[in-house]
Amino acid sequence: MQKLTFSDLDLHPALQSAVAAEGYTHPTPIQAQAIGPVLDGRDLLAVAQTGTGKTAAFALPALHRLTNANPPSPGRARVLVLTPTRELAIQIDESFHAYGKLLRSSHTVIYGGVGQRSQVRAMARGVDVLSATPGRLLDLIGQGHVHLDEVGIFILDEADRMLDMGFIHDVRRIIERLPSDRQTLLFSATMPGAITELSRKILRKPVRVEVTPAATTVERIDQSVLLVEKADKTRLLAHVLDAPEIERALVFTRTKHGANKVVRKLEQGSVRAEAIHGNKSQSARQRALRNFKEGRIRVLVATDIAARGIDVDGISHVINYDLPNIPESYVHRIGRTARAGAHGVAISFCGVDERPYLRDIERLIKQRVQVVQGHRYESTVAPEEHKSAARPKNPSRRRRRRRAPRGARQR
Ligand code: AMP
């Protein structure tokens, strides 16, 4: 079968030039399935995770449809994208900028944690595309700086994360303010009951598309696990990072405190690293991300929430300094390497207390993760004991969502 190209999708020539400039030759599966129906004005329910090319799957057809729309009035937007985190909001705005460059479409981004003045100013004249996080958007609506009565296309991104992060109520309040005569696109990596219910309420005869279940993405990633005592983890990390093939590594810790500690230890060993997590100011997070993207630092240490939606190409390695207690997080984490078809490597450190998490992960991804033997900081706990540590001792241990060890749940 001939592979679909962007010109087969009937996108505006300016958009085709823009994707070519980005170096995209073929649409990803989500783009191939979603772009046509969205261009036709259909509502969309897309089950897709970050890394599948979902941003372009909504941004390209939305920009195309804007070419026939009237310019926005003051304080209004034509397209509204709601997304759970500031980083994602910024990245989506950057994508609209890149794809819409030749169309000269206007765009801006609204998120909390920074002064609102420049956001208010950007909205004053009206914009074609507004990307926003829910809390600050509601604030600005409340203050009369933003009105949603001209939104023709509403995109709800990472709907399941909105739910996890407690934003679903805010999302509903925003939806109530949208015109009922609009096109709605809902993206979610998973479909918990509350999101299915929401989708029934807000979508009209949607086209449903679903791409790459987690386990398939995972197959392209070379995964291994190193058994290690907790006290040796920082030494092991420094040792692993000695390998020159690690061009750009994203290291995950379970807690903010853990992220800071890892950075401190690495810097003591002269490895330049920075941390991003919820206790860092927005500007510090942006700076760390920029340094990482532009190659000034080789190692970025992040917690799950802070890392959500980080879109950095060329992450050669994901290192799980701590294993996540929610197995789905493992899939999200390692999906940061192997973006859009590339190959990636994921290395996980597993302390004795984390062995049950490893078993849960293996159950979810339906494969065993290879245990590296004979490394310098290998745990002295015998493999038999690893196994028994992993074996559920009572039925409650079989639950997939586990409580993290004490003190490890704050992010
Ligand atoms: P997303 O899932 O939207 O976060 O996109 C993941 C990554 O894939 C981003 O770095 C995009 O720049 C990249 N990407 C999106 N579409 C394509 C494509 N058709 N070909 C190659 N890379 C793409």
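Begin by selecting valine 109, which stands opposite serine 131 in β4. The model is predicted, so local features need pLDDT of at least 70 and side-chain atom pairs count only at pLDDT 80 or more, while totals for chains, interfaces and linings use all residues. Residues are numbered from 1 along each chain as its sequence is written, and side-chain values use heavy atoms, with hydrogens and water left out.

Next, select β3 together with strand β4 (residues 127-132): the two pair in the parallel sense over four bridges. Strands and helices here are DSSP runs numbered from the N terminus, a strand being E with at least two residues and a helix H or I with at least four. Two strands pair if DSSP finds at least two bridges between them.

Now display the whole sheet. Seven strands form an open sheet with parallel pairing, in the order β3-β4-β2-β5-β6-β1-β7. β3 (107-110) and β7 (207-210) stand at the edges, each with a single partner strand, so one side of each has no neighbour in the sheet. From one strand to the next, the twist averages 15 degrees.

Axes are lines fitted to C-alpha atoms, for helices over the stretch in contact, and angles between N-to-C directions run from 0 to 180 degrees. Contact means heavy atoms within 4.5 Å.

Finally, select helix α8 (residues 168-176) and helix α9 (residues 193-202), which pack at an angle of about 0 degrees with their axes 13 Å apart. The contact is made by Ile168, Arg172 and Ile175 of α8 and by Ile195, Leu198 and Ile202 of α9.
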